[in-house]
Amino acid sequence: MKIGIIGAMIEEVTPLVEFFKNQGYKIEEIALGGNVFHKIIIQNDTLYIAYSKIGKVHAAITASVMIARFECERIIFTGVAGGLDSRLKVGDLLIATKLAQHDVNITAFGHPLGFIPESAVYIEADGALNAIAKKVAQKLNKPLMEGIIASGDQFICDESKKQWIIQNFQASAVEMEGASVAVVCNAFKIPFCILRSISDSADGSADVSFDEFLEEAARVSAQFSIEILKELGVKI
Ligand code: ADE
């Protein structure tokens, strides 16, 4: 199977690339569309790992290239998020049940907030991939929360904006890419999973927390995504 693994930032994919390097795998680097795709062949499977750069448009480009050019049949997103649910602490893991874009607003035409034209407000992640993630969590005895993720082209570091997103989208976490990857995967009918580790609480101190915990939280998510790949049958 061909599997695409996307992070938004270099910090989010470096632990993965380093892992495969340290395991002695040959890594081919393919530059396309402003991204570098790390191609790794593991017996019958091929992985394409890339960071998209921050934001929904960048992530949509990367997901589209992985699917349309490299024929990826599954997409896994790994990275960090701001926690909206008060139970989520720095380093905790969450998978998206479904995703919405909190900064899409065509309510002027009678649509609900976040409605995507010819689509819906929410796009569901793949049940089978999420089930695999939950199985991994159980095996490793690691807590893994499931919840709605809201994405937007904004770093949320404001309590009132945070509450607005919770109220309008019932989201457990906020980030800047997941829902756009969901749109692309939905358009191409490719199963996807959005995995995030918490770097901050999307409040007034989110910027400081993000800077402090980005690398650590990114590593937690990357390591968990390796376990998902193993559970998917990749012979790592
Ligand atoms: N990614 C990590 N933390 C975030 C936040 N507070 N807002 C948006 N994206 C994030």
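Strands are DSSP runs of E, at least two residues in length, numbered from the N terminus. In this predicted model, strand 5 gives the most to the shell around the ligand, with three residues.

The shell holds 13 residues. Among them, Gly82, Phe155, Ile156, Glu175 and Asp200 come nearest to the ligand. By class, the shell divides into eight nonpolar, three polar and two charged residues.

The backbone supplies a polar atom at glycine 82, 3.2 Å from a ligand nitrogen. Aspartate 200 contributes through its side chain, with a polar atom 2.6 Å from a ligand nitrogen. Taken alone, the ligand exposes 260 Å², and the protein buries 97% of that area.

The ligand sits in the largest pocket. Two or more residues of the ligand shell come from each of strand 5 (74–83), strand 9 (173–175) and strand 10 (192–200).

The volume of the largest pocket is about 220 Å³. Its lining comprises 19 residues. Val80, Phe155, Glu175, Met176 and Phe210 lie nearest the pocket centre. Strand 5, strand 9 and strand 10 are the elements that give two or more residues to this lining. Eleven of the lining residues are nonpolar, three are polar and five are charged.

Technical notes: Residues are numbered from 1 along each chain as its sequence is written. This is a predicted model: local features need pLDDT of at least 70, side-chain atom pairs count only at pLDDT 80 or more; totals for chains, interfaces and linings use all residues. Side-chain values use heavy atoms; hydrogens and water are left out. A residue is near a molecule or strand if one of its heavy atoms lies within 4 Å of it. A polar contact is a pair of N or O atoms within 3.5 Å; within protein, one must be able to donate a hydrogen and the other to accept it, and residues adjacent in sequence count only if both atoms are side-chain atoms. Accessible areas come from the Shrake-Rupley method with a 1.4 Å probe; for residues, only the protein chains shown count as cover. On a 1 Å grid over the protein atoms alone, a cavity is a set of points where a 1.4 Å probe fits but cannot get out, and a pocket is an open set with protein on both sides within 12 Å along at least five of seven lines; lining residues have an atom within 4 Å of a point. A molecule sits in a cavity or pocket if more than half of its atoms lie within 2 Å of its grid points. Helices (H or I, at least four residues) and strands (E, at least two) are DSSP runs, numbered from the N terminus. Ala, Val, Leu, Ile, Met, Phe, Trp, Tyr, Cys and Pro count as nonpolar, Asp, Glu, Lys and Arg as charged, and the others, Gly among them, as polar. Grid points are joined across faces, edges and corners, and a volume is the space filled by probe spheres set on the points.
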